[in-house]
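Morning, everyone. Please have the sequence and the model open while I talk. I'll go through it piece by piece.

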Amino acid sequence: KIYITINQDPQQFLLNNQFYDSKVVGKFCEKLDPYLAFLAYKRAWGQCDDELIRVTNENELFKDQARYCCERQDMDLWARVLSDENPHRRRVIDETVQTALPESKNPDEVSTTVKAFMTAE
């Protein structure tokens, strides 16, 4: 928390330090900088998906959410994001099509994303 509070390269700390609890640090970062909270939750790679979806929705970080979903290649995660109950569904779809898929260099990410879209329809 100290590295983040004093703004001493917090992104580098969140990406490279393996010795912090993503849930605790992510919650701490939410009020300071939602993008830092996103990075903390992303590092947990699936253990903080609910928190990641919530913080990206609340702060309109839809590009980051779309990239993360593509990278994770998890059909359950896609099902939650593409659910009709998600009021931000359209924005996530737009960012996935406009940003995440064109940036992806991994054909498996594209394939899984297309499958998730087809399943959601």
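This is a predicted model: local features need pLDDT of at least 70, side-chain atom pairs count only at pLDDT 80 or more; totals for chains, interfaces and linings use all residues.

Find it in the loop between helix 1, residues 2-5, and helix 2, residues 10-16. Now look at its backbone. Phi of Asp9 is near 50°. That is a positive value, and Asp9 is not a glycine.

Glu60 is another residue to look at for this. Its phi is positive too, at about 55°, and Glu60 is not a glycine either. Where does Glu60 sit? In the loop between helix 5, residues 49-58, and helix 6, residues 62-72.

Helix 5 and helix 6 pack with their axes 8 Å apart, at an angle of about 150°. That makes the two helices roughly antiparallel, since the cut-off for that label is over 145 degrees. The crossing of helix 5 and helix 6 is left-handed.

Next, helix 6 against helix 8. Helix 8 covers residues 89-103. The axes of helix 6 and helix 8 are 8 Å apart, and the angle is about 60°. What do we call that arrangement? Helix 6 and helix 8 are oblique to each other. Their crossing is right-handed.

Then helix 8 against helix 9. Here the axes are 12 Å apart and the angle is about 155°. Helix 8 and helix 9 are therefore roughly antiparallel. Helix 8 passes helix 9 in a left-handed crossing.

Now the charges. Side chains of opposite charge can pair when their charged atoms come close. How many salt bridges does the structure hold? It holds 15. I'll show you three of them.

Start with Lys42 and Glu71. Their side chains meet in a salt bridge, 3.4 Å from N to O. Lys42 lies in helix 4 and Glu71 in helix 6, so the pair ties together parts that are 29 residues apart in sequence. How covered are these two partners? Lys42 is partly exposed, with a relative accessible area of 24%. Glu71 is partly exposed as well, at 30%.

Helix 4 runs over residues 34-43, and Lys42 is in it. Look from Lys42 to Ser22. The two are 20 residues apart in sequence, and their C-alpha atoms are 8.2 Å apart in space.

Are Arg72 and Asp49 buried or exposed? Arg72 counts as buried, because its relative accessibility is 16% and buried means under 20%. Asp49 is buried too, with a relative accessible area of 2%.

Asp49, Asp50, Arg72, Asp74 and Arg80 are linked in a network of salt bridges. Pick them out on your screen.

Arg67 is partly exposed at 28% relative accessible area. Asp64 is buried, at 13%.

Let's go inside. Val81 belongs to helix 7, residues 75-81. Val81 is buried, with a relative accessible area of 0%. Now find Ile53. Val81 and Ile53 are 28 residues apart along the chain, yet 7.6 Å separates their C-alpha atoms.

Finally, back out to the surface. Met118 sits in helix 9, which spans residues 107-120. Is Met118 buried or exposed? Exposed, because its relative accessible area is 61% and the exposed class starts over 50%.

Val81 is buried. Met118 is exposed. That's my tour.

Notes
Residues are numbered from 1 along each chain as its sequence is written. Side-chain values use heavy atoms; hydrogens and water are left out. Helices (H or I, at least four residues) and strands (E, at least two) are DSSP runs, numbered from the N terminus. Buried means under 20% relative accessible area, exposed over 50%, partly exposed in between (1.4 Å probe, protein chains only). Axes are lines fitted to C-alpha atoms, for helices over the stretch in contact, and angles run from 0 to 180 degrees between N-to-C directions. Angles under 35 degrees count as roughly parallel, over 145 as roughly antiparallel, 65 to 115 as roughly perpendicular and the rest as oblique. A crossing is left-handed if the near helix is turned anticlockwise from the far one by less than a right angle, and right-handed if clockwise. A salt bridge is a side-chain nitrogen of Lys or Arg within 4 Å of a carboxyl oxygen of Asp or Glu.
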